[in-house]
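Hello,

Here is the structure I promised to pass on to you. Have a look at it first, and then read on for what turned up.

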Amino acid sequence: MPATSVIGLQWGDEAKGKIVDLLTESHQVVVRYQGGNNAGHTVKFDGTTYKLSLLPTGILHSHITSVIAPGVVVNPLALLRELDGLQSGGQDCSGRLLVSDRAHVICPWHMLEEAAVEKSRGAAAIGTTMRGIGTCYKDKVGRSHAIRIGDLVKKDSFAAKVREIVPFKQKLLNALDPDSTQLDADQIIEQYSAAAERIRPMAVDTTAWLLDALDQQKHILFEGAQGSLLDVDHGTFPYVTSSNSSGCGIHSGSGIPERAIQRMIGVAKAYTTRVGGGPFPSELDNEIGQRIRIAGNEFGTVTGRPRRCGWFDAVATRYSARISGVDSLTIALLDVLSGFDELNICEAYDIRGQITRSLPSRCEDLADAKPVLRSIPGWKEDITGVRNFRDLPPNAQQYCRTIEQLIGKPVEFISVGPDRSQTIHMAR
Ligand code: GDP
Ligand code: IMO
Ligand code: MG
């Protein structure tokens with residue numbers, strides 16, 4: 001079984017990092033193939049908590065080669081900051097990371113343009129992470145004013161590109177905001193060229209490398225970032241990220257053929273969270289939502305923003321599981337729901353009197369969706385020490401079985417705490 005993937009089935013932060021970490025033991029390569037340093041993946045083992053953003057979660061393990069594939073957008077300064085942070089924490093990651101020479105580079109103008117556009121949207125702002133993700137992807141798709149890692153590590157070519165792009169971007173920034181920051185081409189070239197010196201040894205054709213790794217039967221793990229509902233094509237547009245964050249992005253982002261992925265694991269929280277703007281039918285903008293936020297420590301890993309919390313949305317999660325073609329489910333953070341008398345699962349939407357189990361394609365329709373809730377009795381016990389499904393309180397078992405039945409996929413893992421060990425493996 002050479003290739004496995006881990007995909008978020010909600011709006012991100014489903015505990016993908018924990019599940020990827022759990023699976024690294026049986027893999028040799030971990031690949032990030034979309035997104036960038038908008039991601040925040042938390043991993044906890046041996047009493048230490050690690051937060052990964054742009055780096056694949058596999059970077060924490062010496063037996064893993066970590067790969068940043070062509071579909072990722074790379075801020076070189078953020079990349080080095082993250083590597084240096086791990087180094088100063090005692091993790092020597094040198095020689096463990098490969099960065100695609102096809103990956104696009106996030107430059108200072110991307111953050112500035114994003115800030116100006118978000119500001120101009122006012123109340124309709126997407127609530128992005130302000131990392132220049134969307135604006136970098138925009139330049140990539142636009143095919144002009146784009147810089148790739150392969151250009152960054154070629155000194156003359158990089159400087160020429162920056163000098164060509166800066167006047168254009170300055171005009172654009174000035175038009176968006178008369179008080180905009182002045183870009184300094186020399187400073188950008190100097191700062192990025194210093195980073196390029198360090199990135200050059202890691203910059204390779206990762207597509208060829210991964211195809212060879214597949215031929216050699218290496219076990220490859222694809223680490224999804226964000227969640228399927230944030231997918232630019234299939235998510236809750238326009239309140240999405242700018243990449244294919246559902247399973248659809250693996251092949252385009254990595255260059256690996258679809259049939260190579262033999263195991264697709266969809267990760268969902270036992271409830272739902274969302275950071276930033278956009279419709280959220282099962283949202284609990286009340287005391288219950290606040291209770292979940294506190295119990296689940298639902299504050300963004302990247303931006304620290306409080307996450308919006310709500311009941312498990314089986315309509316949206318089933319849609320995600322279907323478009324990504326997942327083989328199994330992970331239900332994460334089940335422990336957070338301990339102590340409630342009653343829990344609810346959103347099993348359908350009522351959209352202006354029409355009952356549906358389909359996710360509407362228009363955001364305006366989703367905004368009008370009222371959740372049709374199925375009530376399930378809660379449980380009082382602390383379940384963070386449980387390791388076997390049969391040892392869960394009966395109501396917790398019923399809760400998981402209901403999710404399984406509504407999504408139509410078997411549950412493979414249940415996570416009952418942030419630590420790697422706090423996991424129920426259904427097959428055992
Ligand atoms: P990711 O972006 O999908 O990797 O998820 P994040 O790391 O952004 O958010 C998940 C948060 O939940 C992190 O703080 C994890 O340490 C934590 N976590 C993961 N699994 C569990 C769990 O089963 N129970 C609890 N209480 N916390 C968990
Ligand atoms: P992980 O990998 C949760 C959200 C932002 C915003 C929208 C667009 O940790 O699950 P962007 O900066 O990508 O243009 O922002 O997407 N978002 C995430 N939400 N988890 C993430 O990553 C996210 N990455 C982006 O909050 O609503
Ligand atoms: Mg996260």
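Predicted model: local features only at pLDDT ≥ 70, side-chain atom pairs only at ≥ 80, totals over all residues.

How many of the nine residues of helix H1 (residues 16-24) are buried? Nine of the nine are, so helix H1 is largely enclosed by the rest of the structure.

In the case of Thr 42, an N or O atom of the side chain is 2.6 Å from an oxygen atom of ligand 1. The backbone takes part in such pairs too: a polar backbone atom of Glu 14 is 3.0 Å from an oxygen atom of ligand 1, and a backbone N or O atom of Val 416 lies 3.4 Å from an oxygen atom of the ligand. On its own, ligand 1 has 580 Å² of accessible area, and the protein covers 92% of that.

In soluble globular proteins, nonpolar side chains tend to be buried together. Here, the largest nonpolar core has 56 residues, and those with the most contacts inside it are Phe 222, Leu 334, Leu 337, Leu 392, Tyr 399 and Ile 414. Helix H13 (residues 394-407) gives the largest share of this core, six residues. The core draws at least three residues from each of domain 1 (3-100 + 203-263) and domain 3 (268-425). For a closer look, pick Leu 337: leaving aside neighbours within four places in sequence, Leu 337 is in contact with Ala 270, Tyr 271, Ile 292, Leu 343, Trp 379 and Tyr 399. There is also a second, separate core of 42 residues, which includes Leu 52, Ile 59, Val 105 and Met 202.

Is Ser 246 buried or exposed? Ser 246 counts as buried because its relative accessibility is 0%, and the cut-off for buried is under 20%. The side chain of Ser 246 makes a polar contact with the side chain of Asp 231, at 2.7 Å. Beyond its neighbours within four places in sequence, Ser 246 is in contact with residues including Ile 7, His 234 and Ile 323.

Enjoy exploring!

Technical notes: Residues numbered from 1 in each chain as written. Chains lettered and ligands numbered in written order. Heavy atoms only, no water. Core = buried A, V, L, I, M, F, W, Y, C linked by side-chain atoms within 4.5 Å. Buried < 20%, exposed > 50% of the residue type's maximum accessible area, 1.4 Å probe, protein only. Helix = DSSP H or I, 4+ residues; strand = E, 2+ residues; numbered from the N terminus. Domains from an automatic or database assignment. Contact = heavy atoms within 4.5 Å. Polar contact = N/O pair within 3.5 Å; in protein donor to acceptor, adjacent residues only side chain to side chain. Areas by Shrake-Rupley, 256 points an atom, 1.4 Å probe, with all protein chains shown as cover.
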